[in-house]
Amino acid sequence: MTLQEIKTLHAYNAWANNRIFDTVALLPLEHYKQEMKSSHGSIHDTLTHIVGAEKVWLERFLGNPQPFLKAENFATAAELRAIWKQVGHDTAQWIATMTDKKLQDVFEMQTLKGDAYRHVYWQAFQHVVNHSSYHRGQIVTMLRQLGAQPVSTDLIVFYRDTKR
């Protein structure tokens, strides 16, 4: 994977997360935080998981492990979005330090449980975007269950929108 492809994935991830944040901002707070049958319980908890995972992986790339974000530390989607914007900015800065060659390098990291792994940077970054896509899909399902209008975050829609 090339640096340009990583930049495109980062742009896609930002575009898709922004669409989700824009959509959930229209929900009443009680729907946003409503417990549902999903991996992380509510839209709020799932968004916190997305943002938290992106932050944790960035810190792993930087060699600076951090604890995972906790949903109870954020009252609204707007508060969580502010953290996510900073993570996106910091991720863009990290990407700016990378090259095609550096993306092939291996880094060492530990999971939150303490298990040690070695990963290639581009593969781990691709995982981050895939992970966020998976959970955005869960949010779309929760929006439908709440009777709210879901938004498409498909990669092909990103390509169509950014082509214009």
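This is a predicted model: local features need pLDDT of at least 70, side-chain atom pairs count only at pLDDT 80 or more; totals for chains, interfaces and linings use all residues.
User: Why is the contact between Glu59 and Lys55 called a salt bridge?

Analyst: The closest N and O atoms of Glu59 and Lys55 are 3.7 Å apart. A salt bridge asks for a side-chain nitrogen of Lys or Arg within 4 Å of a carboxyl oxygen of Asp or Glu, so the pair of Glu59 and Lys55 qualifies. As a general point, side chains of opposite charge can pair when their charged atoms come close.

User: How do you know whether Glu59 and Lys55 are buried or partly exposed?

Analyst: Glu59 has 11% relative accessibility, and because buried means under 20%, Glu59 counts as buried. Lys55 has a relative accessible area of 22%, which lies between the limits of 20% and 50%, and therefore Lys55 is partly exposed.

User: How many salt bridges does the structure hold, and what does the one between Asp161 and Arg19 tie together?

Analyst: The structure holds four salt bridges. In one of them, the side chains of Asp161 and Arg19 meet at 3.4 Å, N to O. Asp161 lies in helix α6 and Arg19 in helix α1, so this pair ties together parts that are 142 residues apart in sequence. Asp161, at 27% relative accessibility, counts as partly exposed, and Arg19, at 24%, counts as partly exposed too.

User: What makes Asp22 and Arg81 a link between distant parts of the chain?

Analyst: Asp22 forms a salt bridge with Arg81, with the closest N and O atoms 2.8 Å apart. Asp22 is in helix α1 and Arg81 is in helix α4, 59 residues apart, and in this way the pair links distant parts of the chain. Asp22 is partly exposed, with a relative accessible area of 43%, whereas Arg81 has 18% relative accessibility, which is under 20%, and so Arg81 counts as buried.

User: Why is Ile156 called partly exposed, and what patch does Ile156 belong to?

Analyst: Ile156 has 44% relative accessibility, and because this falls between 20% and 50%, Ile156 counts as partly exposed. Ile156 has its place in helix α6, residues 155-163. Together with Leu155 and Tyr159, Ile156 forms a nonpolar patch on the surface, and these residues have about 260 Å² of accessible area together.

User: Which residues lie nearest the centre of the largest pocket, and which element gives the most to its lining?

Analyst: Trp57, Arg60, Phe68, Thr111 and Leu112 lie nearest the centre of the largest pocket, which is lined by 14 residues and contains about 190 Å³ of space. Helix α3 gives the most to the lining of the largest pocket, with five residues. By class, that lining has seven nonpolar, five polar and two charged residues.

Note on methods: Residues are numbered from 1 along each chain as its sequence is written. Side-chain values use heavy atoms; hydrogens and water are left out. On a 1 Å grid over the protein atoms alone, a cavity is a set of points where a 1.4 Å probe fits but cannot get out, and a pocket is an open set with protein on both sides within 12 Å along at least five of seven lines; lining residues have an atom within 4 Å of a point. Grid points are joined across faces, edges and corners, and a volume is the space filled by probe spheres set on the points. Helices (H or I, at least four residues) and strands (E, at least two) are DSSP runs, numbered from the N terminus. Ala, Val, Leu, Ile, Met, Phe, Trp, Tyr, Cys and Pro count as nonpolar, Asp, Glu, Lys and Arg as charged, and the others, Gly among them, as polar. Patches are made of residues with over 30% relative accessible area and no salt bridge: like charges are joined within 9 Å, nonpolar side chains (Val, Leu, Ile, Met, Phe, Trp, Tyr) within 5 Å. Accessible areas come from the Shrake-Rupley method with a 1.4 Å probe; for residues, only the protein chains shown count as cover. Buried means under 20% relative accessible area, exposed over 50%, partly exposed in between (1.4 Å probe, protein chains only).
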